[in-house]
Amino acid sequence: MQELDIDVNALIDKMTAELKPLLKKHPGAKMIGIRTGGEWIAQSLHQQLELTDELGVIDISFYRDDFSKIGLNPTIKPSHIPWDVEDQHLILVDDVLFTGRTIRSALNEIFDFGRPASVTLVTLLDRKGCRELPLQADIVGMPLKCEQTLKLTGPEPLKVMISEPAEVSA
Amino acid sequence: MKARLTAPNIQLNEQGKLKHLLTLEGLKQQHLLEILDTAESFIDPNSNKIKKVPLLRGKSIMNLFFEPSTRTRTTFEIAEKRLSADIESLDIQTSATKKGESLLDTLWNLQAMQADMFVIRHAESGAAHFFAQHVAPHVHVLNAGDGQHAHPTQALLDMFTIRKKKGDIFDLKVAIIGDILHSRVVRSQIQALSILEAREIRVIGPKTLLPENPEALGVHVYHDIEEGLQDVDVVIMVRLQNERMKSALIPSEKEFFKRYGLTEKRLALAKPDAIVMHPGPINRGVEIDSAVADGAQSVILEQVTYGIAVRMAVMSIIMSNAAQLAQQQAEQQEREFNLESEAEVEGAR
Amino acid sequence: MRLAILNARVIDPSQNLDKITSIFLSRGRIVEIADEAPDGFTADQTIDASGKWIIPGLVDLQARLGEPGSSYAGSIASETRAAVAGGVTTICCPPDTSPVNDSQAVTELIQRRARQAATAYVMPIGALTQGLEGKLLSGIYSLVEGGCVALSQANQPVQSALTLKNALEYTASLDTVIMLRCEDQDLKNNGVAHDGPVSSRLGLPAISPSAETTALARDLILVEEAGIRAHFSQLSCARSVEMIAEAKKRGLPVTCDVAIHQLLLSEMDVLGFNSLFHVSPPLRSLKDRDALLAGVKSGVIDAIVSDHTPLHRDDKLLPFGESKPGMIGLETLLPLVLKLVQENQLDLDTALKAVTHTPASILNIPTGSLENGRPADLVIIDPEAIWTFEEDKIVSEGKNSPFVGWEFIGKVEQTFFQGRPVYKNIEL
């Protein structure tokens with residue numbers, strides 16, 4: 001098992017740069033982070049982009065599709081979207097895009113709040129190749145391989161440890 | 001000779017987690033806090049409203065009301081709908097069950113209709129325990145009031161309200177006034193307050209409306225309301241039923257109000273920031289003065305919203321615990337299977 | 001048929017007998033208890049009972065046999081079989097049958113069925129009032145003539161003091177006993193559990209001890225005024241024991257009994273709402289239980305009864321308060337009495353006397369003793385057998401026992417009724 005250290009701040013900078021054109025197009029765009037990792041990333045992006053509207057946070061625990069398998073997340077907290085979602089351009093931020101199920105839950109929850117004008121998906125890391133739903137991110141900090149597992153710690157400092165599975169000897 | 005002091009707690013599963021909610025007696029602080037915390041997460045902090053969530057989609061909940069109660073039934077139904085469960089409500093008059101079909105036959109019939117949870121209201125103390133003992137293992141029972149025994153969700157919502165208004169329940173002095181003897185709500189409230197380690201629980205009422213051994217419930221008894229209200233943080237009023245006058249337990253509504261009614265003057269004896277609660281429906285001028293019921297210290301209406309969130313929390317926690325238990329058992333089985341197959345391989349060598 | 005049972009420890013409180021000896025039976029009666037066979041006695045059958053105990057067949061002053069009627073489970077045939085499996089050979093059955101035993105016809109029916117079963121003595125108790133309604137007197141003289149050993153109201157005490165006074169006075173001139181169960185229905189107020197910490201916690205409608213004691217006070221005064229021999233059934237409160245003690249001290253011809261379960265269980269067992277613990281009178285406090293035990297020890301309480309009440313399964317498959325009160329007890333009476341002895345709550349002589357000789361003498365029944373010439377009703381016990389009371393081995397048609405799963409030391413090995421073996425434990 002190999003562990004790689006990732007420079008998260010560099011990735012945030014890169015994503016900030018990629019988000020700027022979008023904000024030029026929709027100056028009033030609002031940001032939502034998915035608790036917990038996505039919220040940390042969103043906080044950094046929110047700060048760097050100097051967005052004026054408060055950051056929204058959603059907890060998708062109530063919307064997970066595996067409730068009947070794993071039950072309720074014990075640290076569940078209420079979602080907090082301090083503005084009206086209706087007709088807004090949203091930037092949805094998560095830490096890792098993997099099967100796509102989290103994003104599905106998040107979209108469902110967002111639509112329970114109202115009908116946004118658009119949703120742009122932003123993710124720090126993208127474990128490509130393991131998608132179980134037809135969802136892709138618009139902005140990706142860094143692509144990974146599906147086999148790479150990782151651990152995100154935060155919020156200060158934000159750190160990612162990536163483990164590569166050891167090469168299977170023939 | 002060994003006295004069997006505690007009954008086995010049939011409401012907990014093998015992992016010590018809530019399987020049914022029949023009474024608060026025997027539950028630990030962590031069980032109550034989990035419910036209160038989860039309830040919190042259902043309430044939108046901005047609007048104080050409760051959003052619908054798809055948590056219990058595909059689960060079937062049956063509300064069995066053997067004793068009619070529109071109010072309790074409605075709050076349960078709203079809670080179930082906000083969790084996206086499939087629901088069915090049945091008013092089952094006891095007379096009908098007595099006519100031939102036994103209570104258990106009724107239950108098993110309904111169980112055969114793919115119910116995952118029964119919410120039960122019944123006029124007999126212990127009815128919820130009885131049902132819990134006889135349902136299939138995958139079916140959960142939630143007590144919505146049984147006789148004079150328990151009404152756990154009502155008490156939990158009161159705790160939720162107190163916590164919202166006063167912070168930690170630990171360190172609070174709480175006075176409960178009125179018909180303590182016949183009230184399932186009070187019994188559950190007292191248990192909840194003891195589990196959450198309230199500093200002092202007082203019950204105030206005439207001897208005819210108090211149980212023979214109030215001390216067994218861990219409370220201090222006051223027959224004088226003025227004395228009992230001194231310095232309390234929370235005042236809980238209990239509804240006075242008409243039957244109490246008929247069975248000569250108290251003389252009249254008028255006299256009861258004179259002796260135990262909560263007036264502004266009396267409320268002034270409590271702490272200045274004390275809150276006033278009432279499970280409703282209120283008898284104005286019998287147990288509580290209108291000025292108090294509608295006054296600044298009253299939290300009576302807020303209790304209703306919280307009731308929905310608390311019931312949602314209880315139902316989702318029970319279903320969640322069942323899911324986790326099933327998952328753990330499946331994993332256990334898989335491990336055992338793997339061990340067995342390994343052993344077989346070993347054997348083959 | 002002449003039978004010799006040799007080398008047993010023979011215990012008979014009626015003769016202050018407790019020694020290792022032999023017992024000789026002939027034509028259904030006891031011929032002699034002696035180390036050697038009496039002159040000219042040649043046994044057709046000999047049983048070596050070394051290491052075993054022999055006691056008189058138990059006399060139970062209150063056991064329901066389910067017949068006539070369908071309000072209880074079982075029949076005279078099934079319940080007498082249960083009785084002898086528990087070492088009980090004389091059973092007094094209360095009049096709350098269906099129809100009520102308030103006429104000679106019902107009494108005769110019960111006697112006929114008992115003769116057919118031929119397993120144990122069944123002594124009917126007649127109803128004091130018609131239909132046990134507490135209003136009109138039944139044909140008390142005819143009932144006594146017909147063979148009723150006593151008169152009672154079963155669990156439905158006469159509420160009107162005047163009616164009871166009349167009933168007592170009318171009966172006073174007859175040579176019989178009135179058995180009274182004391183409970184004021186107003187004070188009972190539809191209660192189902194003792195008024196104590198447990199009912200407070202469970203919210204079960206409560207029955208205060210005063211429901212029993214006020215009724216007992218009234219009845220004692222009426223009994224004294226009528227000058228009749230009265231027996232008080234199923235005391236449950238400490239205060240009642242004091243009241244009976246006082247009455248006895250004043251010379252009133254009163255006796256009383258307690259149900260065996262009251263000596264072992266208490267209100268604490270009701271926690272958990274198990275309807276098997278729903279009995280009438282209710283299981284009371286530990287203090288009451290201790291006072292009842294002390295009452296048996298001191299002799300204030302004369303007899304221990306099973307209050308055997310076989311119920312249909314559905315009668316108990318209900319929430320606690322809606323379930324029918326009562327538990328079966330014929331098969332556990334002796335094991336539980338022995339348990340009390342083993343736990344040093346009672347001495348063996350007192351305990352056995354309370355289930356043999358004393359109840360028999362209260363009702364003038366010639367059983368419950370191993371004196372020469374008495375009916376050969378006796379029980380051979382293996383005092384060391386350890387066994388568990390299991391539901392599928394219950395003989396009674398009623399399975400409503402909270403003692404299922406209890407472990408006992410000492411088991412009935414054989415029961416003889418009128419010199420005939422009517423029960424033999426096949427496992428031994």
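Where in chain A is A:Leu92 placed? This is a predicted model, in which local features need pLDDT of at least 70, side-chain atom pairs count only at pLDDT 80 or more, and totals for chains, interfaces and linings use all residues. Residues are numbered from 1 along each chain as its sequence is written, chains are lettered from A and ligands numbered from 1 in the order in which they are written, and side-chain values use heavy atoms, with hydrogens and water left out.

**View 1. A:Leu92 and the residues it touches.** A:Leu92 sits in strand β4 of chain A, residues 89-97. Helices here are DSSP runs of H or I with at least four residues, strands are runs of E with at least two, and both are numbered from the N terminus. With a relative accessible area of 1%, A:Leu92 is buried (buried is under 20% relative accessible area, exposed is over 50%, partly exposed is in between, using a 1.4 Å probe and protein chains only). Leaving out residues up to four places away in sequence, its contacts include A:Ile32, A:Ile58, A:Leu107, A:Val119 and A:Leu121; contact means heavy atoms within 4.5 Å. For scale, the C-alpha of A:Gln136, 44 residues away along the chain, is 12 Å from that of A:Leu92.

**View 2. A:Glu50, a positive phi in a loop of chain A.** A:Glu50 isn't a glycine, yet its phi is about 55 degrees. Look for A:Glu50 between α2 (37-49) and β3 (56-58). Its relative accessible area is 67%, so A:Glu50 counts as exposed.

**View 3. Where chain A meets chain B.** Chain A puts 19 residues into the contact and chain B puts in 22. About 1,600 Å² is buried between the two chains, with 63% of that from carbon and sulfur atoms. Buried area is the accessible area (1.4 Å probe) that two parts lose on being put together, summed over both. On the chain A side, A:Phe62, A:Phe67 and A:Leu72 lose the most area to chain B, together 40% of what that side buries. Chain A doesn't contact chain C at all, and their closest C-alpha atoms are 29 Å apart. Of the 2 pairs of chains in contact, it's B and C that share the most contacts.

**View 4. Two cis peptide bonds in chain C.** One cis bond runs from C:Glu67 to C:Pro68, with omega near -5 degrees. C:Pro68 belongs to the loop between β6 (58-60) and α1 (76-85). The other joins C:Ser280 and C:Pro281, where omega is about -5 degrees.

**View 5. C:Leu132, a buried residue with positive phi.** Phi of C:Leu132 is near 60 degrees, and this residue isn't a glycine either. C:Leu132 lies in the loop between β8 (121-127) and α3 (140-146). Its relative accessibility is 3%, which means that C:Leu132 counts as buried. For context, 64% of the 428 residues in chain C are buried, and the chain has 13 helices and 18 strands.
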